[in-house]
Amino acid sequence: MNIIDLGTVPSSSENYLTFIEQMCDTLELDFGSYASLNPVTGAVHGYANYPNAWKSHYIKKSLHRIDPALHKAGLSIAPVDWQRFERDQKFKSVFFPAEDFGITSQGLTVPIRGPYGDRGLLSVTRSCSTEEWEKLKRHIMGNLQTAAVHLHDSVMRTNGLIGALGYSALSSREKEVLQWVAAGKLQQEIGDILAISHRTVEIHLRSSRDKLGALTTVQAVGRAIGMGLIHPS
Amino acid sequence: MIVIVDSLNAHEHSDLLIKMHQLRAQVFSGRLGWDVKVIDGMERDEFDELDPAHVVSVDDEGRVVGCMRLLQTTGPHMLTDVFSCLLDGEPPLRSARVWEATRFCVDTNLPGRGIARNSISYVTSEVMIGAFEYGIAAGISDAVAVIDPVMNRVMKRSGNAPYGYLGSPHAMGKVTALAALMDCSDERIARIREFSGIHHDVFNVSVPEVIRK
């Protein structure tokens with residue numbers, strides 16, 4: 001994914017917003033918004049590229065108190081298409097006026113769960129035919145999951161409590177695999193060296209990237225070297 | 001057929017959840033002898049409080065004959081805690097695109113044999129197809145599953161062999177448990193379907209006549 005790595009820029013609302021903008025561009029989405037609830041302080045962090053008029057309306061009417069995207073989606077482990085929400089009064093009070101501001105109710109929310117009981121929600125919309133929407137979902141869901149966790153972890157790390165706890169620890173195998181990547185070995189070669197399948201190498205790389213808050217393996221290697229977890233080759 | 005039950009739709013499937021917890025008690029406490037909590041004939045643990053998703057296999061008579069519990073590896077899950085021994089003390093993997101599957105079980109009192117409908121192998125395959133299709137739609141690329149050696153053998157024989165394992169097998173009750181890795185892919189689903197002869201939509205109630213016989 002060709003979007004900014006939040007691990008390389010200062011944590012700020014502008015950068016989170018840039019991240020959301022770039023994610024929408026790359027994944028062919030109209031709007032994106034992120035919200036998280038700090039389990040200890042109860043504080044809500046939110047970032048969105050919605051039109052300002054809609055943001056003002058949302059805040060003025062305190063729609064965050066009833067928005068099903070915030071209160072229902074977190075109950076699922078999988079992204080929740082808004083079609084799944086009951087068309088009750090709460091839904092109507094949020095999604096009907098949104099249409100008046102040019103925001104379609106064709107969207108979905110990716111629920112994110114962090115290691116400390118922290119939870120986040122990344123919502124995206126796209127105005128298009130149902131057929132196109134289904135096709136787009138299949139195409140972007142993996143990248144959307146990765147983007148959601150990257151953004152959530154970055155927001156959580158800047159937040160006092162969880163920030164102090166830092167990154168999730170890498171396993172010996174993950175460090176070993178990153179060390180071989182740093183030495184210029186390809187996945188297949190690393191699999192042969194360690195006598196594991198190349199897919200097992202891939203899952204260790206995937207996990208290392210997510211733990212280090214990196215979007216690419218190159219960034220993960222750089223960060224692991226920077227943190228003294230592996231040696232530069 | 002397969003029903004995905006999570007905290008979003010649990011209120012619509014309360015009877016399925018009761019039957020599922022009863023099946024889990026029968027398998028994990030009874031047959032496998034794991035040290036699990038059973039209250040009123042139902043097995044439940046603290047991970048059931050974390051809004052997991054359950055892949056539930058229901059037969060034509062409405063009985064729960066198989067199930068599996070899924071959690072995101074980005075948040076608290078069993079390998080970070082109860083099953084950490086399986087990873088030899090190493091930190092568990094954590095990825096936006098990897099789910100953890102636990103409490104995978106099938107009713108071994110099923111009458112059918114071989115790959116016949118209602119056999120152990122059929123239900124195992126049905127649960128797996130349901131879980132992988134649900135995972136793919138959610139953008140999931142891989143799953144790490146805590147399984148016992150019997151399940152491991154059933155999977156290897158049914159076009160569904162794990163591509164790797166994490167840590168090492170450890171004794172748990174009467175058997176050992178191990179953490180197996182599986183790709184959540186169309187190829188794997190095709191292999192399981194080919195082996196089991198399940199070609200219909202597993203989430204749909206109506207099953208073709210040929211398979212019903």
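Buried means under 20% relative accessible area. By that cut-off Arg103(B), with a relative accessible area of 5%, is buried. The model is predicted.

Arg103(B) has a partner: its side chain and that of Asp45(B) meet in a salt bridge, 3.2 Å from N to O. Asp45(B) also counts as buried, at 10% relative accessibility. Asp45(B) lies in the loop between β3 (42-43) and β4 (53-58) of chain B, and Arg103(B) lies in strand β6 of chain B, so the pair ties together parts that are 58 residues apart in sequence. The pair belongs to a wider set. Salt bridges that share partners join Arg24(B), Glu43(B), Asp45(B), Asp48(B), Arg69(B) and Arg103(B) into one network.

## The interface of chains A and B

In the contact between the chains, 37 residues of chain B meet 37 residues of chain A. The two chains bury about 3000 Å² between them. Carbon and sulfur atoms carry 54% of that area. On the chain B side, Leu8(B), Gln72(B) and Arg94(B) supply 25% of the area buried against chain A.

The rule finds 20 residue pairs in polar contact between chain B and chain A, with both residues at pLDDT 80 or more. Several elements of chain B give two or more residues to the side that touches chain A: β5 (64-72), β6 (98-106), α2 (120-137), β8 (164-172) and β9 (175-183). The largest share, three residues, comes from β5(B). By class, this side of chain B has 21 nonpolar, nine polar and seven charged residues.

## Salt bridges between and within chains

Side chains of opposite charge can pair when their charged atoms come close. Over all chains, the count comes to 22 salt bridges. Between chain B and chain A the count is five.

Which residue of chain A forms a salt bridge with Arg94(B)? The partner is Asp153(A), with the closest N and O atoms 2.8 Å apart. Asp153(A) lies in helix α5 (residues 130-158) of chain A, while Arg94(B) lies in the loop between β5 and β6 of chain B, so the pair joins two chains. Are its members buried or exposed? Asp153(A) is buried, with a relative accessible area of 7%. Arg94(B) is buried as well, at 5% relative accessibility.

Chain A holds a pair of its own. Glu202(A) forms a salt bridge with Arg209(A), and their closest N and O atoms are 3.8 Å apart. The cut-off for a salt bridge is 4 Å, so this pair counts. Glu202(A) is buried, with a relative accessible area of 17%. Arg209(A) counts as buried at 13%.

## Ala131(B) in helix α2

Ala131(B) lies in helix α2 of chain B. Helix α2 is among the elements that give two or more residues to the side of chain B that touches chain A. Ala131(B) is buried, with a relative accessible area of 8%.

What is Ala131(B) in contact with, leaving aside its neighbours within four places in sequence? The contacts are Val55(B) and Met68(B). Ala53(B) is 78 residues away from Ala131(B) in sequence. In space, the two are 9.7 Å apart, C-alpha to C-alpha.

Definitions and conventions
Residues numbered from 1 in each chain as written. Chains lettered and ligands numbered in written order. Predicted model: local features only at pLDDT ≥ 70, side-chain atom pairs only at ≥ 80, totals over all residues. Heavy atoms only, no water. Contact = heavy atoms within 4.5 Å. Buried area = accessible area lost by both parts, 1.4 Å probe. Polar contact = N/O pair within 3.5 Å; in protein donor to acceptor, adjacent residues only side chain to side chain. Helix = DSSP H or I, 4+ residues; strand = E, 2+ residues; numbered from the N terminus. Nonpolar A, V, L, I, M, F, W, Y, C, P; charged D, E, K, R; others polar. Buried < 20%, exposed > 50% of the residue type's maximum accessible area, 1.4 Å probe, protein only.
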